[in-house]
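Reader: I am new to this structure and would like to go through it with you. Could we start with the strands and then turn to the helices?

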Amino acid sequence: MCATEATREVEPSTVDVLAIAAHRDDVEQTCGGTLLRMASRGLRTAILDLTQGEAGTRGTAEDRAREADEAARILGVTWRQALDMPDGAIANTLENRIKIVRVLRQVRPRVVILPYWQARHPDHAIVATLGYEACFLSGLAKAPAVRPTAPSARAVAEAGETEASPHRPFKIVYASLYADVRPSFVVDITPFIEQRHQALMAYRSAARFLCRRKRFASAPLRRLAIMGSWRGCATASRLCKEKWGWWTT
Ligand SMILES: [Zn+2]
């Protein structure tokens with residue numbers, strides 16, 4: 001398996017919810033609160049980061065690995081790994097789809113959370129499509145991951161891949177924090193806003209920079225508050241406003 005050492009693997013078993021993202025810290029921003037809420041309901045949650053974070057402006061891939069491990073602990077996920085796709089240059093290739101298929105067939109999530117397809121960072125937009133197509137491929141019994149016929153798939157198989165039975169998630173949802181789009185539904189994360197914030201702040205190499213640029217840092221919280229208002233979660237709005245004082249209207 002083309003993954004780094006598991007940064008967090010409490011039990012190598014199946015999970016209920018798997019969040020897939022391009023970079024370590026993406027999930028914390030887009031659906032960290034949702035993962036916290038799911039875990040609080042007894043569901044098994046997991047995160048798959050597709051890159052190591054080597055292209056990050058601040059910090060190294062090693063820094064990000066340690067920080068991701070700490071964030072995973074705070075979020076209460078049962079499993080987290082990072083693949084080795086190039087940071088800043090993720091491509092929707094058969095080889096990359098197969099890498100994700102192998103994870104899907106290992107942890108067998110019922111629900112997969114992907115980044116929304118409208119995004120400023122090209123990696124985020126590509127992962128929306130790459131992840132979707134990997135979920136579809138994973139359900140095919142004769143997919144290349146099982147029967148390697150294409151040259152690129154053979155290379156993956158020769159690298160030590162083991163066969164696993166097909167698995168297609170029951171549902172795929174897209175987490176949109178930055179895109180200017182009205183979501184189909186929102187999740188009330190009011191009780192978890194502090195833990196979500198702590199998970200994000202676990203990325204110390206980037207958090208110091210973000211905290212200095214409060215206008216940038218406040219944007220996600222403003223969006224969380226707006227989403228909360230759509231569902232009548234006034235408490236979420238107040239927490240965002242009162243807790244960190246970054247609220248502007
Ligand atoms: Zn990202």
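Reader: In which sense do S3 and S4 pair, and over how many bridges?

Author: S3 and S4 pair in the parallel sense, over 5 bridges. Strands are said to pair if DSSP finds at least two bridges between them. Thr-51 has Met-85 as its bridge partner in S4.

Reader: Before we continue, what kind of model is this, and how are residues numbered?

Author: The model is predicted: local features need pLDDT of at least 70, side-chain atom pairs count only at pLDDT 80 or more, and totals for chains, interfaces and linings use all residues. Residues are numbered from 1 along each chain as its sequence is written.

Reader: And how many helices and strands does the protein chain have?

Author: The protein chain has 10 helices and 6 strands. These are DSSP runs numbered from the N terminus, with helices being H or I of at least four residues and strands E of at least two.

Reader: Back to S3, then. How many of its residues are buried?

Author: In S3, 7 of the 7 residues are buried, so this strand is largely enclosed by the rest of the structure. Buried means that 20 or more other C-beta atoms lie within 10 Å of the residue's own; 12 or fewer means exposed, in between means partly exposed, and the C-beta atoms are placed from the backbone. Over the protein chain, buried residues make up 43% of the 249 residues.

Reader: Which strands does S2 pair with?

Author: S2 pairs with S3 in the parallel sense over 5 bridges, and with S5 in the parallel sense over 3 bridges. Ala-19 has Ile-47 as its bridge partner in S3 and stands opposite Ile-113 in S5. Val-17 stands opposite Thr-45 in S3.

Reader: Which residues lie on each side of S2?

Author: Val-17, Ala-19 and Ala-21 are on one side, Leu-18 and Ile-20 are on the other, and all are buried. In a regular strand the side chains alternate between the two faces of the sheet.

Reader: What about Arg-80: buried or exposed?

Author: Arg-80 counts as buried, because it has 24 C-beta neighbours inside 10 Å. Arg-80 belongs to strand S4, residues 79-85. From Arg-80 to Leu-18 the C-alpha distance is 9.3 Å, although the two are 62 residues apart in sequence.

Reader: What share of the contacts joins residues 24 or more positions apart?

Author: Among contacts with a separation of 6 or more in the protein chain, 81% join residues 24 or more positions apart. A contact requires C-beta atoms, placed from the backbone, within 7 Å of each other.

Reader: How do the axes of H3 and H7 cross?

Author: Their axes come within 8 Å and cross at roughly 170°. H3 and H7 are therefore roughly antiparallel to each other. Ala-71, Ile-74 and Leu-75 of H3 make the contact with Gln-195, Gln-198 and Ala-199 of H7. Axes are lines fitted to C-alpha atoms, for helices over the stretch in contact, and angles run from 0 to 180 degrees between N-to-C directions. Angles under 35 degrees count as roughly parallel, over 145 as roughly antiparallel, 65 to 115 as roughly perpendicular and the rest as oblique.

Reader: And how do H4 and H5 cross?

Author: The axes of H4 and H5 (residues 122-138) come within 8 Å and cross at roughly 60°. That makes H4 oblique to H5.

Reader: Where is Arg-108?

Author: Arg-108 is in the loop between helix H4 (94-107) and strand S5 (111-115). Arg-108 is not a glycine, yet has a positive phi of about 50°. With 18 other C-beta atoms within 10 Å, Arg-108 is partly exposed.

Technical notes
Two residues are in contact if their C-beta atoms, placed from the backbone, lie within 7 Å.
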